[in-house]
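User: Please take a close look at the pockets of this protein. I would like to know what lines them.

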Amino acid sequence: MESATAYRQKGYLVVKALFSPSEIDALSKIVDRIHAQWLNENRSSYIEQQLVNMHSLTHPRYFEQHPAERLRFFQLLSANQLTTLVAELFGQDIYFHNTQLFFNPYQNSRQPYWHRDMQYSPVDDADLQAEQPNMLALHIRMPLLPETGIELIPGTHQRWDTELERNVRLELNGHTNSESLPNSVLIGLEPGDILIFDAQMLHRGNYQLNPRRKALDLCVGRPHRYTTQYLDTDNLPTSAELEAIENKQWYKLARTMLIQPRQS
Ligand SMILES: O=C(O)CCC(=O)C(=O)O
């Protein structure tokens with residue numbers, strides 16, 4: 001499969017028009033309401049901490065007044081065309097981990113920063129490097145507005161940093177994590193397109209090129225002890241919701257992992 005080869009080589013893949021305008025519209029309406037609630041509750045952190053994302057959009061706290069919408073949201077996120085594509089690319093043992101929404105920081109007051117997602121966990125960088133071949137943690141980026149919003153360094157899912165990349169990513173030897181790095185690619189996406197990329201490859205957002213950003217992000221992957229420890233039951237469908245979801249394999253595996261010993 002051509003796209004599997006492209007992903008293996010580069011660590012990312014763009015699929016154009018995977019979601020229909022009506023699916024994007026339905027997602028957008030739900031996400032706007034959740035984002036508005038979050039902003040209402042977190043406005044001072046958004047401004048003072050220059051936040052660029054929120055997480056856990058499926059949490060019940062966002063559905064207290066809209067219980068039926070939660071099921072609809074899970075259904076949209078596990079759309080058949082998406083789970084089929086992910087199964088073709090990565091196999092069946094993929095679980096739903098969480099969701100995020102990326103937006104511009106308040107008044108674009110912050111520089112985007114190069115990182116590998118798990119560098120913010122307590123796991124040592126050398127251990128992350130050693131485990132990288134055994135991990136599959138994916139972001140599925142679904143822009144709800146057109147954006148040129150993310151920059152990646154192809155191939156960094158398979159190799160660790162050059163000296164410059166390490167200095168920039170970890171802000172060593174006088175470098176800052178917002179400096180430009182060689183061989184990066186900026187990704188342009190339209191609503192309906194998706195970008196799948198390895199959460200551990202070198203990446204950063206782009207805030208300047210987008211007057212507004214509303215980029216929904218689905219975190220899925222293969223169970224691994226470094227990631228499954230952060231899985232939160234509250235973000236998963238209830239048993240009744242699971243029953244009603246047509247395409248349930250990602251959620252089913254996630255729920256199984258909560259009652260089984262952690263897998264490596
Ligand atoms: O899209 C962005 O602004 C940054 C994305 C990112 O850092 C991530 O998905 O971990």
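Analyst: The largest pocket has a volume of about 970 Å³. A pocket here is an open set of points on a 1 Å grid over the protein atoms alone, where a 1.4 Å probe fits, with protein on both sides within 12 Å along at least five of seven lines; lining residues have an atom within 4 Å of a point. Grid points are joined across faces, edges and corners, and the volume is the space filled by probe spheres set on the points. The lining of the largest pocket comprises 39 residues, and N53, Q100, D117, H139 and C219 are the closest to its centre. The elements that contribute two or more residues to this lining include β2 (53-55), β4 (137-143), β9 (215-221) and α7 (225-228). The largest share, 5 residues, is supplied by β3. Helices (H or I, at least four residues) and strands (E, at least two) are DSSP runs, numbered from the N terminus.

This is a predicted model, in which local features need pLDDT of at least 70 and side-chain atom pairs count only at pLDDT 80 or more, while totals for chains, interfaces and linings use all residues. Residues are numbered from 1 along each chain as its sequence is written, and side-chain values use heavy atoms, with hydrogens and water left out.

By residue class, the lining of the largest pocket holds 18 nonpolar, 16 polar and 5 charged residues. Ala, Val, Leu, Ile, Met, Phe, Trp, Tyr, Cys and Pro count as nonpolar, Asp, Glu, Lys and Arg as charged, and the others, Gly among them, as polar.

The second largest pocket has a volume of about 270 Å³. Of its 14 lining residues, Y7, M135, L136, H157 and R222 are the closest to its centre.
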